[in-house]
Amino acid sequence: MHCVRPVLCLLGALAACGAVGFLGCCVYFDRKRRGDPAFRRRLRDNSRAQLRKAEGRGAQLWDPAKNEKLQELLQEVQTGELWLSRGEHRLGVEHLSNALVVCGQPQELLKVFQHTLPPKVFEMLFTKFRICQINMNEQEYLEDDHD
């Protein structure tokens, strides 16, 4: 027992010295890296490239051609909700199915409608949307035959 205590103190001191040495190396190499002119240039180039990429994505989101589709989608959803609130389920489903046809990701919008609409109305909407999809596929098939 007498021998164990000095050994533990020595191991603790070695561990502390090792940790201090490791942190010292980290600080030294970090300063060396940050002081390098090439590092600063690469950092500046990367931030400019990310900024350009973000601006490009922003331009895509607010593209006027896509914005018209968004306006049409919102108009159809709003009109469908108006008819549903008045109790006209058939007209509401008609407009909501038009919104699904215009939407770029109809599956996501269907999930939203599934959680917000009564089950009977959602079933009507889902059936109507499937019919619209079948009609669109048939039209595309017929257009391809004429070419």
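This is a predicted model: local features need pLDDT of at least 70, side-chain atom pairs count only at pLDDT 80 or more; totals for chains, interfaces and linings use all residues.

User: How many salt bridges does a search of the whole structure find?

Analyst: Side chains of opposite charge can pair when their charged atoms come close. In this structure the search finds four salt bridges. One of them joins the side chains of Asp 30 and Arg 33, at 2.6 Å from N to O. Both residues lie in helix α1 (residues 4–35), three residues apart, about one turn of the helix.

User: Which parts does the pair of Lys 128 and Glu 94 tie together?

Analyst: The side chains of Lys 128 and Glu 94 meet in a salt bridge of 3.2 Å, N to O. Lys 128 lies in helix α6 (residues 119–146) and Glu 94 in helix α4, so the pair ties together parts that are 34 residues apart in sequence.

User: Is Ser 97 buried or exposed?

Analyst: A residue counts as buried when its relative accessible area is under 20%. Ser 97 has a value of 0%, so Ser 97 is buried. Ser 97 sits in helix α4 (residues 89–102). Leaving aside neighbours within four places in sequence, Ser 97 is in contact with Leu 125, Lys 128, Phe 129 and Cys 132.

User: Which residues form the positive surface patch?

Analyst: The patch is formed by Arg 40, Arg 41, Arg 42, Arg 44, Arg 48 and Arg 52. Among them, Arg 44 is in helix α2 (residues 37–61). Arg 44 is partly exposed, with a relative accessible area of 42%.

Methods: Residues are numbered from 1 along each chain as its sequence is written. Side-chain values use heavy atoms; hydrogens and water are left out. Helices (H or I, at least four residues) and strands (E, at least two) are DSSP runs, numbered from the N terminus. Buried means under 20% relative accessible area, exposed over 50%, partly exposed in between (1.4 Å probe, protein chains only). Contact means heavy atoms within 4.5 Å. Patches are made of residues with over 30% relative accessible area and no salt bridge: like charges are joined within 9 Å, nonpolar side chains (Val, Leu, Ile, Met, Phe, Trp, Tyr) within 5 Å. Accessible areas come from the Shrake-Rupley method with a 1.4 Å probe; for residues, only the protein chains shown count as cover. Lys and Arg count as positive and Asp and Glu as negative; His and the chain ends are not counted. The place of a charge is taken as NZ of Lys, CZ of Arg, CG of Asp or CD of Glu.
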